[in-house]
Amino acid sequence: MTLSLGLGTRKYGPFLLSLVVLAAIWEIVGRTANILTLPPLSSVLVAFGKLWSSGAVTAPLFDSTMALLTGLAISLTLGSAIGIGMGMSRVIDVAIGPYVKAGLSAPLIAFVPVFLMIFGIGSETRIATVVAFSIFIVATNAATAMRTIDDRLLEMGRSFGASRWAIFRDIRLPAGAPYFVAGLRLGVARGVKGLINGEVLIAIIGLGGLVKKYGTVFSMDQLYAVILLIVLYASVAVGGVTLLSNLLVKDKANTA
Amino acid sequence: MSGKADAAISIRSVSKYYVSGNGKKTKALDSVDLTVNRGEFVSIIGPSGCGKTTMLKMVGGILGWDHGEVEVLGKAVEGPGPERATVFQSFALLPWMTVIDNVSFGLKVRGVAKPERYNIARGLLKSVGLGDFEHAYPRQLSGGMQQRVGLARALAVSPQVLLMDEPFSAIDAQTRLILQTDLLDIWSKTDLSVLFITHAMDEAVFLSDKVVIMGARPGHVTEVIDVDLPRPRNEATRRDSRFVELTGRVWDRLRGMITDPNADVAA
């Protein structure tokens, strides 16, 4: 117990310290400077508490999460399929690889107005944004998963007469699992960005909609409270996936 | 050469070319003949680049050739088959699977139901001395133990022909000697025909009925040495003057190739 506490302090101590310092500076500057764009932390926290207890964020939070999960599900299935194709077939890689590479680095937010025109100001638009932000990284990692396979394992599979499907299921997929998991983690991080980006531009739905709502009326306490919520939301989403994947991987590694 | 009916493996006038990236055609095997009779243990030894692993892969059905014939149990090789199994130099175990799942891999691929394949796998794990390790993962085992798993996996599919591609070359010298004796023990209880690739002269002589010496560029059979050491072989065999003499003969043939300044250029 003491040991784990000690390790925890060493691991998170510096972060906690910087957090306290930052919070103190924010509070002091907010109080003394008295400028509209920077309310003191304490009033932001009060606003956060009110938002939370009043239930004003409950519906948008649920709403946004459903859209995020839908978008991620699409990205994972479609992106994995594209990536597996790219990783296993040179023709597919040459044919669609360039688009995936472009999509990986392009400022996809530029497409949101297009999505808006296609899907309207509903949930479909932000789902499309989530997909656009996350699908390319999922595909890239899936392709890497297929390409980094140890040829000697494939040869072993063939020598035992395994069919192409059996080799895929029993060797390629499990061997590529760490890359798929990395793709999922990065996909979730990018997906959250896509979600909020989309919602801010659509302006009336979800957490991004709240940002727009409080921002336009200069309700700074509430604006910061929502931003704080979004940052926490993203951290929890990515942290959750990381934890989940660690559990999955560690389970295999540590079993005696 | 022995009669065709007795042959477990028959390689006749086989040649193979490799085409490199720049389109250059290189002869890898030049009209090779080799016979492994049923129940026989045959080793191939030779310098790097003599095509010994290539030959093993051809017999295994995962690599083609250009001229000649390769037959296993009287049938032309057209791909991998259930009567053959391979033990690999790199072990080629699946790291995410437990030992028992690795041993059952070949059976799973053949559609054997789980309880039955586990039954078979357990029996083989016992016979290779790993009865207590069925739930371990490969990385928790030493190299020698991992290759025991590799051997059990190959034996699990009840092959008639066992192909071994430098199986002990990644294993430390002491463990290797133990594995050699254990392999002979297991083999003597079966009617397996074995084709064994190795770099180690003492290993080839200790294990085999015949040692096939190959030369490189292009790969060809230089000589076949009959090993007339009595079986069962054991630690005393290694001190037998006949063992020392035969190992010396193999070395004499190989030394000539290795002192050739070009001998270790090929991959």
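Modeller: A helix here is a DSSP run of H or I with at least four residues, a strand is an E run of at least two, and both are numbered from the N terminus. By that rule the elements of chain A run α-α-α-α-α-α-α-α-α-α from the N terminus on. This is a predicted model, where local features need pLDDT of at least 70 and side-chain atom pairs count only at pLDDT 80 or more, while totals for chains, interfaces and linings use all residues. As for bookkeeping, residues are numbered from 1 along each chain as its sequence is written, chains are lettered from A and ligands numbered from 1 in the order written, and side-chain values use heavy atoms, with hydrogens and water left out.

Colleague: How many helices and strands does chain A have?

Modeller: Chain A has 10 helices and 0 strands. Its C-alpha atoms fill a box of roughly 75 × 60 × 30 Å along the principal axes.

Colleague: What makes you attach "ABC transmembrane type-1" to residues 61-245 of chain A?

Modeller: That label comes from UniProt, in an unreviewed entry. Such annotations, given in the numbering used here and with shortened feature names, may be inferred rather than shown by experiment. What the model itself gives is a span with 88% helix and 0% strand, with its end C-alpha atoms 24 Å apart.

Colleague: And which annotation covers residues 9-241 of chain B?

Modeller: "ABC transporter", again a UniProt domain from an unreviewed entry. Residues 9-241 of chain B are 33% helix and 28% strand, and the end C-alpha atoms lie 31 Å apart.

Colleague: Why give an area for the boundary between them?

Modeller: Interface size is often given as the accessible area lost when the parts come together. Buried area here uses a 1.4 Å probe and sums the loss over both parts. Between domain 1 and domain 2 of chain B that comes to about 890 Å², with carbon and sulfur atoms giving 69%.

Colleague: Why is the pair B:Asp182 and B:Arg148 called a salt bridge?

Modeller: The rule asks for a side-chain nitrogen of Lys or Arg within 4 Å of a carboxyl oxygen of Asp or Glu. The closest N and O atoms of B:Asp182 and B:Arg148 are 2.8 Å apart, so the pair qualifies. The count between the two domains of chain B is 1 salt bridge.

Colleague: Now for the two chains. What makes up the contact between chain B and chain A?

Modeller: 25 residues of chain B meet 19 residues of chain A. The buried area is about 2,000 Å², of which carbon and sulfur atoms supply 65%. B:Ile62, B:Trp96 and B:Phe105 supply 29% of the area that chain B buries there, more than any other three residues.

Colleague: Why do A:Glu155 and B:Lys57 count as a salt bridge?

Modeller: Their N to O distance is 3.3 Å, so the pair meets the cut-off.

Strand S6 (84-87), helix H3 (105-109) and helix H5 (143-156) of chain B each supply at least two residues of the side touching chain A. H3(B) has the largest share, 4 residues. That side of chain B holds 15 nonpolar, 5 polar and 5 charged residues.

Colleague: Where in chain B are B:Pro218 and B:Pro232?

Modeller: B:Pro218 sits in the loop between strand S9 (210-215) and strand S10 (220-226) of chain B, and a cis peptide bond with omega of about -15° joins B:Arg217 to B:Pro218. B:Pro232 lies in the loop between S10 and helix H8 (235-239) of chain B. The bond between B:Arg231 and B:Pro232 is cis too, with omega about 0°.

Colleague: And what is phi of B:Ser31?

Modeller: Near 45°, a positive value in a residue other than glycine. B:Ser31 lies in strand S2 (residues 25-37) of chain B.

Conventions: Buried area = accessible area lost by both parts, 1.4 Å probe. Contact = heavy atoms within 4.5 Å. Nonpolar A, V, L, I, M, F, W, Y, C, P; charged D, E, K, R; others polar.
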